[in-house]
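Me: I have just opened this entry and would like to learn how to read it. Could you walk me through it, one feature at a time?

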Amino acid sequence: MSEREIILETRALEKRFGGVRAIAGVDFRLARGELRCLIGPNGAGKSTFFKMLTAQLRPSAGQIVFDGHDITRAQAHRISRHGIGIKNQVPDVYDGITVHENLWLAARYRHGPRAAQAKIDEILSRLELVAIADTIVGELAHGQRQWVEFGMVTVLEPQVILLDEPTAGMTIEETNRTAALIKEVNQTTTIVVVEHDMQFIRQIARTVTVFHQGKILAEDTMENIQRNQTVRDVYLGKSGGA
Amino acid sequence: MAYRVFAMQQPSQRPRWWWWLFVAALAAFFITMPLHLELFVILEMSRFFGLAMLALSMGFLWGFGGVLSFGQTAFFGLGGYGYTVLALNTGATTGSVFFAIAFGMAGAAVLGYFMIYGRISEIYLSVTTLVFTLILEKGVRATSGDQYVIGTVRLNGQNGIPTVPQLKVPWNPSVELDINGFFYVGATLLVLVYLGLRLLLTTQFGRVIVGLRENERRTELLGYDTRRYKLGAFVLAGGVAGLGGAFYAMSIPLAHPEMFSLGRAADVIMWVLVGGKSTLIGPIAGVFAIEHFKGWLGTQGVGQVTLVLGAVLIVFVLVFQQGLLPTVGMLPEVWRDRRQVWRRILALPRTVAAVDWGVDELALLLVRRLARLIPGSASRSGRGRT
């Protein structure tokens with residue numbers, strides 16, 4: 001790839017759960033402005049990797065460097081201050097309060113009272129959530145809750161957004177809209193997406209990183225990844241995985 | 001969702017005119033009470049005011065912060081003893097009330113710091129706070145010897161300190177407040193605490209506190225230092241409980257180890273659950289309803305008051321999980337879902353019959369239902385995936 005500035009880098013990152021090495025030495029480099037996709041079979045360690053990047057899990061070994069800062073041992077609330085936002089796999093929203101209040105709590109952290117309201121209005125209309133702004137989030141459909149979370153992450157205006165399965169439980173139409181949204185946000189923000197939906201990845205992907213058994217198996221353009229025999233074997237179970 | 005009548009709005013929204021009207025009506029109601037009620041009722045009400053502040057401190061923490069502190073009585077007792085000891089030593093009652101608040105807050109700050117910054121889970125926090133209040137109770141009970149003196153005041157162990165000084169007029173410390181004056185001070189303080197907590201919920205601090213209840217991890221990932229907010233709420237609640245304790249000690253008048261006791265701690269849970277923890281007015285109503293009910297049962301010659309109260313608690317946990325006031329507020333919904341309510345009521349005998357096939361089974365059922373009310377425990381099961 002080009003010689004762009006590296007914004008996020010992990011060095012020999014490792015996570016052990018008892019005797020299991022969920023992440024077994026990952027060297028990952030992400031350039032500013034990228035739209036990267038992470039794929040891999042279930043249990044490959046994608047979500048564990050995301051959780052370590054956002055201090056939801058402590059790495060057993062290795063180092064995480066973000067924008068020149070070592071954030072390996074940072075507190076979870078510091079991660080947002082550094083400029084990383086994450087949408088977890090299971091929608092991580094405030095179920096008991098309204099859509100507006102969900103977004104407010106995110107926006108108000110980053111902005112003053114006036115600016116926060118402006119940001120909320122902007123994101124509500126961009127995500128077409130205006131009509132349901134006063135609905136309790138717990139009563140929304142799965143796809144809408146995903147968007148609320150996506151909205152919460154984007155109003156924080158992070159430098160890097162991590163999206164763990166952003167289209168899970170969405171209809172084809174919703175998935176297409178999500179793809180468009182991601183591309184739009186990517187114009188100003190670096191994004192990493194974990195997905196299983198190959199159709200979706202083909203829509204958005206430029207560079208794809210394949211995880212397998214806690215390691216990076218391959219990293220290339222989508223076309224090359226699809227032609228890669230090792231990757232095909234992993235997914236079809238011919239070798240490697242048990 | 002209990003957003004009608006007694007919680008008609010989201011807590012984050014600034015209250016509308018009818019809420020202010022409600023508060024004004026409440027205040028007017030209190031003001032006129034001494035005019036037409038017997039002395040006994042006024043004394044009884046003054047006692048309830050202190051208990052209501054204790055209930056508010058827990059209702060705020062549990063209902064809005066999602067922190068189930070079983071031991072708010074610890075700060076209640078600290079407030080009671082703090083006021084009594086300082087007021088007896090110095091004679092300054094107004095200052096001692098402020099000290100009681102500060103003492104409750106200090107106790108909460110120390111205990112809360114280790115619990116919250118130590119990141120113990122919700123259920124351990126509940127247990128730890130309960131143990132804390134029981135340790136204080138044991139400790140105070142063991143101070144009967146005459147070596148336990150603070151300044152000139154003997155702590156008196158089991159017997160407590162019966163010479164709690166009556167509140168004096170703040171701007172004229174040579175005059176003690178009479179019974180009505182004391183009642184008015186209590187009513188004013190209670191209304192102010194209620195008002196203050198309600199308005200606090202509309203500030204950024206209050207809204208983040210509600211965020212903690214809803215999803216602590218998300219709040220943290222947004223960038224808020226959740227520990228600081230949680231500790232802030234805990235310390236604030238400790239102060240409110242301390243104020244309640246000082247007021248309660250003056251009203252009976254006695255500073256007694258019973259203030260820290262398991263029985264009192266259980267009372268608080270009961271007030272908050274029965275009154276309804278999704279509102280701030282609910283815990284207050286819980287105090288008045290349950291304490292009045294207790295007194296009434298006593299006069300009716302019911303020997304087993306505790307047993308009856310236990311039955312009431314079971315009915316509320318199993319049938320009216322929102323509590324008294326929110327249920328009243330949701331009457332339209334309750335009427336719409338009346339079949340379900342009936343089904344739950346009809347299921348009660350079966351639940352009680354469960355005693356036949358083993359008390360432990362019944363206990364298990366109750367614990368499961370209660371566990372659902374404890375923040376975090378229910379939601380966590382749904383988020384366990386990696």
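**Reading the model step by step**

Reply: Let's start with one residue: B:Arg119 is partly exposed, with a relative accessible area of 40%. Buried means under 20% relative accessible area, exposed over 50%, and partly exposed in between (1.4 Å probe, protein chains only). This is a predicted model, where local features need pLDDT of at least 70, side-chain atom pairs count only at pLDDT 80 or more, and totals for chains, interfaces and linings use all residues. Residues are numbered from 1 along each chain as its sequence is written, chains are lettered from A and ligands numbered from 1 in the order in which they are written, and side-chain values use heavy atoms, with hydrogens and water left out.

Me: Where is B:Arg119 found, and what is its phi near?

Reply: Helices (H or I, at least four residues) and strands (E, at least two) are DSSP runs, numbered from the N terminus. B:Arg119 lies in the loop between helix H4 (93-117) and helix H5 (122-141) of chain B. Its phi is near 55°, a positive value in a residue other than glycine. A:Ala55 sits in the loop between helix H1 (46-53) and strand E4 (61-66) of chain A, and it is buried, with a relative accessible area of 15%.

Me: How many helices and strands does chain B have?

Reply: Chain B has 17 helices and four strands. Of its 386 residues, 49% are buried.

Me: How do I check the length of a helix?

Reply: The expected span is 1.5 Å times one less than the number of residues. For the 20 residues of helix H1 (residues 17-36) of chain B, that rule gives 28 Å; the end C-alpha atoms are 29 Å apart, which agrees. Within H1(B), the buried residues are B:Trp19, B:Val23, B:Phe30, B:Met33 and B:Pro34. Their cover includes H2 and helix H6 (179-200) of chain B; for contacts, look for heavy atoms within 4.5 Å.

Me: What is a nonpolar core?

Reply: In soluble globular proteins, nonpolar side chains tend to be buried together. A nonpolar core is a set of buried Ala, Val, Leu, Ile, Met, Phe, Trp, Tyr and Cys residues joined through side-chain atoms within 4.5 Å. Here the largest core has 144 residues, and A:Val208, B:Phe49, B:Tyr83, B:Met250 and B:Phe288 have the most contacts inside it. Helix H2 (residues 39-64) of chain B brings the largest share, 15 residues. A second, separate core has 28 residues, including A:Val26, A:Leu53, A:Ile86 and B:Leu221.

Me: Which residues does B:Ser69 touch?

Reply: Not counting residues up to four places away in sequence, B:Ser69 touches B:Met58, B:Leu61, B:Leu125, B:Thr129 and B:Phe234. B:Ser69 is in the loop between H2 and helix H3 (72-90) of chain B, and at 1% relative accessibility it counts as buried. A polar contact is a pair of N or O atoms within 3.5 Å; within protein, one must be able to donate a hydrogen and the other to accept it, and residues adjacent in sequence count only if both atoms are side-chain atoms. The side chain of B:Ser69 makes such a contact with the side chain of B:Gln72 (2.8 Å).

Me: How do I describe the place where two chains meet?

Reply: The size of an interface is often given as the accessible area lost when the parts come together. Buried area is that loss (1.4 Å probe), summed over both parts. Between chain B and chain A it is about 2,700 Å², with carbon and sulfur atoms giving 52%. B:Arg218, B:Leu221 and B:Leu222 supply 26% of the area that chain B buries against chain A, more than any other three residues. The contact takes 27 residues from chain B and 33 residues from chain A.

Me: How many salt bridges does the rule find across this interface?

Reply: A salt bridge is a side-chain nitrogen of Lys or Arg within 4 Å of a carboxyl oxygen of Asp or Glu. The rule finds three across the interface of chain B and chain A. B:Arg207 forms a salt bridge with A:Glu101, with the closest N and O atoms 2.9 Å apart.

Key:
Buried area = accessible area lost by both parts, 1.4 Å probe.
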